[in-house]
Amino acid sequence: MNASILASYDSLETRDPAHREAEQNTALPALITHAQRHSVAFAKILEGVDATAITSREALARLPVTRKYELLERQQAGRAKDPFGGFSTVCFGSRMPRVFASPGTLYEPEGTGPDYWRMARAMFAAGFRPGELIHNCFSYHFVPAGAMMEAGAHALGCTVFPGGTGNTAQQVIAMADLKQSAYIGTPSFLKLILVKASEMGITLPSITKAVFGGEAYPPSLHRWYIERGIIGYQFYGTADLGLVAYETDAREGMVLDEGVIVEIVRPGTGDPVPAGEVGEPVVTPLNLTYPLIRFGTGDLSAFVPGTCPTGRTGQRIKGWMGRADQSAKVRGMFVHPSQVSDIMRRFPQAQKARLVVSGEMANDQICLKVEADDAHGNLRVLMQTALRDVTKLRGEVEVVPLNSLPNDGKVIDDTRMLAPTEN
């Protein structure tokens, strides 16, 4: 392994895990108090919560999860008064240098301070070093990605060429003239640039490393870049949260950023899953400007046991493993993962469940497969009644052995080949 890559960005990355946990837990009461006092939305969401009592992951897990659709609903409902739906704790002016827009339209504020989105840590892990020129091909238009990465590069001591998206021929010429040492952007766009360079008869040997995000980076594409002398590293983040986790030279999962607390919960709920089980990452950034406490990402991932071989001691996740938004329309009725959770709460002896939707159009069938030790034999009948009560749909219940359902995070598995398309 490259020793320069193995070096840590700062001492936070190599803290004793117990020390990290204690410091993050200590920060929670102040964060929640600040959110209650300065965020109209969280004053309502956390009404009645004693912030001084939230000093552990167990206490944090009792707070409600806020998901992106709720941000959008609150923004749309209160846009005349507050474009951020009451979630931001600062207003336009010197404390909010930029506002971004994501599809929806969802508006996100940017706060002040160097590397506000905390991206420098991911770049350092990928081998970026002070004094280098970085070619940034994330968009600078509307969305925060370009500005996020530029701020991280500046914090690291790098110079940035704002390539943005499109114009592959011009990107090639700029890379050939300026000889940037690294690339930031989607993996597919760098491939387009390199293919275009080949068509133009231009070589770009100066680009030897890259930080990729925004889309999948499969092993086949990783090998394609290795063959061309480029080593790529992934990061996981969102427009709302900034950096959540990043890849290291060890290639064993992604290390969590030092500025976030991450839980993995059962999709559609706020309930943490057992260690190693796939679920939805719920993130609490330690950010006073935009304190998204227990923000549901809508993605799927799982914790990786142990610590990174590079010496970084933070928790690791497997990276992006799909989407947790698994609602399905059955016989004209929407079924949501939260409804499966409601059923499960009625039966403590049930360990895990998956609602399988099958059949053909106009002939939908549902079967709730439940992991349980059904010693008395009546669980299936009781849960069948609960399934009908909660979903308003008739369906079957199948009790299956413990640990027999796949560990893929699915709560609703729609196996229909001809599922109707919603307009």
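These legends describe close-up views of a predicted model. Residues are numbered from 1 along each chain as its sequence is written, and side-chain values use heavy atoms, with hydrogens and water left out. Because the model is predicted, local features need pLDDT of at least 70 and side-chain atom pairs count only at pLDDT 80 or more, whereas totals for chains, interfaces and linings use all residues.

View 1. His-135 lies in strand S4 (residues 133-136), where strands (E, at least two residues) and helices (H or I, at least four) are DSSP runs numbered from the N terminus. His-135 counts as buried because its relative accessibility is 0%, buried meaning under 20% relative accessible area with a 1.4 Å probe and protein chains only. Leaving aside residues up to four places away in sequence, His-135 touches several residues, including Phe-161, Met-175 and Tyr-183, contact meaning heavy atoms within 4.5 Å.

**View 2. Strand S7 and its two faces.** From strand S7 (residues 209-212), Lys-209 and Val-211 point one way and Ala-210 and Phe-212 the other way, and all are buried. In a regular strand the side chains alternate between the two faces of the sheet.

**View 3. The neighbours of S7.** Strand S6 (residues 182-185) and S7 pair in the parallel sense over 4 bridges, pairing requiring that DSSP finds at least two bridges between two strands. The bridge partner of Gly-185 in S7 is Phe-212. S7 also pairs in the parallel sense with strand S8 (residues 231-238), again over 4 bridges, and there the bridge partner of Phe-212 is Gln-234.

How values were computed:
Buried means under 20% relative accessible area, exposed over 50%, partly exposed in between (1.4 Å probe, protein chains only).
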